[in-house]
Amino acid sequence: MQAREIEPKLKQLSRLAWSTEPALAQRLDQVRHWIKDIKPGLLTQKGVLVGFLLELIKDGEFWLELQSLTNEERQVFLKHLPTPVRYWYEYLFPKWLNENDHKFYIWKQKLRTREFSQEDAELIESIAHQIQSRNGCVVHRYIADLSMATDVIVSSNTGPPLCVQLTTMSGELCNHKYKEWKNTLQQWKIRRGIFVSYNPGLDRSVIQLVNLVLHNSKHLKEAKYIKFCFR
């Protein structure tokens with residue numbers, strides 16, 4: 001999709017959603033009004049912002065299609081989705097649509113001004129590749145990252161979804177971020193999560209992280225928010 005097509009597409013989706021999914025329409029309108037004065041050439045230069053917008057359009061279209069099904073059809077369809085994908089569409093995405101996002105006004109400006117950068121994007125991609133090669137599933141969403149302190153939603157081939165936050169912080173800064181992370185997950189009623197402080201210089205950090213994530217996907221109990229450090 002070309003940058004010049006994004007704002008009209010958001011408008012079109014919003015119109016489709018208003019009669020049946022007003023919460024989605026309202027979110028789409030919020031985003032559209034926020035970016036409508038950005039010229040296409042300038043928008044193209046804001047890679048992360050464009051990524052978020054395209055992701056929102058894709059999720060919005062999928063959500064409308066999902067809601068057009070009968071309850072029975074929807075449940076049958078959702079059962080065939082990988083666990084993290086189902087968790088996103090069945091729980092977290094509608095929760096974001098219908099509830100107040102206290103961080104939205106902060107991160108949308110960071111996306112627009114390019115203050116937000118995905119420094120751990122390469123690591124997340126490596127972890128995702130390793131987990132998928134071991135029959136697990138990984139979901140990344142900008143909304144989950146920016147509003148729900150979740151870099152990835154993961155499951156092993158047998159485990160329920162697990163929300164994972166990665167950071168290179170250490171010491172007191174790490175402790176402070178961990179407390180904020182835990183509070184954020186509890187606010188969104190996310191029931192399981194791990195917070196991982198890692199040293200990007202460790203040669204085997206990716207393998208260790210993958211093992212840690214998959215183990216906790218299978219075994220971490222409900223209402224647990226655990227911090228791990230690889231230093």
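How many residues lie between E2 and E3 in their hairpin? Six. Let me set the ground rules, then come back to those strands.

This is a predicted model, where local features need pLDDT of at least 70, side-chain atom pairs count only at pLDDT 80 or more, and totals for chains, interfaces and linings use all residues. Numbering starts from 1 along each chain as its sequence is written, and side-chain values use heavy atoms, with hydrogens and water left out.

Strands, then. Helices (H or I, at least four residues) and strands (E, at least two) are DSSP runs, numbered from the N terminus. Two strands pair if DSSP finds at least two bridges between them. E2, residues 152-155, runs antiparallel to E3, with three bridges. Val152 has Val164 as its bridge partner in E3. On to E4, residues 192-198: E3 pairs with E4 in the parallel sense, over five bridges. There, Leu166 partners Val196.

Why is E3 largely enclosed by the rest of the structure? Because six of its six residues are buried. Buried means under 20% relative accessible area, exposed over 50%, partly exposed in between (1.4 Å probe, protein chains only). Both faces are covered: Leu162, Val164 and Leu166 on one side, Cys163, Gln165 and Thr167 on the other.

Next, the cores. A nonpolar core is a set of buried Ala, Val, Leu, Ile, Met, Phe, Trp, Tyr and Cys residues joined through side-chain atoms within 4.5 Å. The largest has 55 residues, and Phe52 and Trp96 have the most contacts inside it. H4 supplies the largest share of this core, nine residues. Contact here means heavy atoms within 4.5 Å. Leaving aside neighbours within four places in sequence, Phe52 touches Val31, Trp34, Trp107, Leu111, Tyr142 and Ile143. Apart from that core lies another, of 21 residues, including Leu123 and Leu162.

Last, the largest pocket. A pocket is an open set of points on a 1 Å grid over the protein atoms alone, where a 1.4 Å probe fits, with protein on both sides within 12 Å along at least five of seven lines; lining residues have an atom within 4 Å of a point. Its space is about 910 Å³. Of the 27 lining residues, Phe116, Asp145, Leu146, Gln165 and Lys177 lie nearest the centre. H7, H9, E3 and H10 each give two or more residues to the lining. H10 gives the most, seven. By type, the lining holds 10 nonpolar, eight polar and nine charged residues. Ala, Val, Leu, Ile, Met, Phe, Trp, Tyr, Cys and Pro count as nonpolar, Asp, Glu, Lys and Arg as charged, the others, Gly among them, as polar.

Notes: Points joined across faces, edges and corners; volume = space filled by probe spheres on them.
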